[in-house]
Amino acid sequence: MRKDFGAQPLIFPEPVLMIATYDAEGHVDVMNAAWGGISGNAEMTICLSPTHKTVENILAKKDCTISFGDVSHVVECDYLGIVSANDTPDKFAKTGFHAVKSDKVDAPYIEELPVHLDCRMKSYDPQTHYMRLEILNVAADESVLDDNGSIDVAKLQPITFDQLNRNYHVLGEIVGKAFSAGSKLK
């Protein structure tokens with residue numbers, strides 16, 4: 001028997017997306033968001049309320065970076081999600097993270113989080129809160145690359161958000177080879 005939970009924004013896993021911007025004075029602002037994903041070949045869509053300082057910054061500058069929260073930085077990533085830059089303008093400094101100016105967009109990325117996307121806003125609908133972003137580049141620290149030069153999820157140890165129980169979980173274990181495991185049923 002199954003239990004009904006009704007209509008909810010519930011999907012597993014939900015990414016922990018750390019969205020970084022500069023404000024009008026060049027101060028770093030970062031927020032934690034989970035409602036986002038790939039929506040095209042070089043595009044992602046994120047649901048972001050216009051009340052966020054980060055949204056104000058993206059609307060003004062059009063650029064942001066998105067890093068993936070990881071197991072080593074759960075505390076810092078969560079803090080950036082529970083504290084608003086509208087109330088605590090120096091919240092980024094309190095994390096101990098270091099901002100590095102992207103050479104692809106007018107936005108910083110977080111040095112301690114080893115993978116980031118350089119993004120440019122394509123559109124934003126303040127009614128639905130959907131922001132479409134063009135992915136201009138993906139950059140990864142060598143520490144999370146495998147022997148073939150690809151990003152190794154086990155080394156990255158990205159965290160995901162469990163909306164239902166309000167927990168973070170880590171990804172990394174390989175349980176099958178994509179586009180191959182199902183061949184057993186052919």
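Select Lys-104 and Asp-103. They form a salt bridge, with the closest N and O atoms 3.6 Å apart. The term means a side-chain nitrogen of Lys or Arg within 4 Å of a carboxyl oxygen of Asp or Glu. Now colour by relative accessible area, where buried means under 20%, exposed over 50% and partly exposed in between (1.4 Å probe, protein chains only). Lys-104 is partly exposed at 42%. Asp-103 is exposed at 69%.

A word on the ground rules. This is a predicted model, in which local features need pLDDT of at least 70 and side-chain atom pairs count only at pLDDT 80 or more, while totals for chains, interfaces and linings use all residues. Residues are numbered from 1 along each chain as its sequence is written, and side-chain values use heavy atoms, with hydrogens and water left out.

Go to Lys-122 and Glu-43 for one of them: the closest N and O atoms are 2.8 Å apart. Lys-122 sits in strand S9 (residues 115-125) and Glu-43 in strand S5 (residues 43-47), so the pair ties together parts 79 residues apart in sequence. Strands (E, at least two residues) and helices (H or I, at least four) are DSSP runs, numbered from the N terminus. Is Glu-43 buried or exposed? Glu-43 is buried, at 11% relative accessibility. Lys-122 is partly exposed, at 43%.

Next, pick Lys-61 and Asp-106. Their salt bridge has its closest N and O atoms 3.3 Å apart. Lys-61 is in helix H1 (residues 53-61), while Asp-106 is in the loop between strand S7 (99-101) and strand S8 (108-110), so this pair links distant parts of the chain, 45 residues apart. Lys-61 is partly exposed, with a relative accessible area of 29%. Asp-106 is also partly exposed, at 29%.

**An open sheet**

Switch to cartoon and select S1, S11 and S12. They make an open sheet of three strands in the order S1-S11-S12, with antiparallel pairing. Strand S1 (14-15) and strand S12 (167-170) stand at the edges with a single partner strand each, so one side of each has no neighbour in the sheet. Strands count as paired if DSSP finds at least two bridges between them. S1 and S11 (residues 159-162) pair over two bridges. Zoom in on Pro-15: its bridge partner in S11 is Thr-160.

**Aromatic pairs**

Two aromatic pairs are present. Here rings of Phe, Tyr and Trp (its six-membered ring) pair if their centres lie within 6.5 Å; planes under 30 degrees apart count as stacked, over 60 as edge-to-face and the rest as tilted. Select Phe-92 and Phe-97: a tilted pair, 6.4 Å centre to centre with 40° between the planes. Phe-92 and Phe-97 are both buried. Then take Phe-161 and Tyr-168, tilted at 50° between the planes and 6.0 Å centre to centre. Phe-161 is buried at 16% relative accessibility. Tyr-168 is partly exposed at 27%.

**Cysteines**

Last stop: show the cysteine sulfurs. How many disulfides are there? Zero, by the rule that a disulfide is a pair of cysteine sulfur atoms within 2.5 Å. From Cys-64, the nearest cysteine sulfur is that of Cys-119, 4.8 Å away. Cys-64 is buried at 0% relative accessibility. For Cys-77, the nearest is the sulfur of Cys-64, 16 Å away. Cys-77 is buried, with a relative accessible area of 1%.
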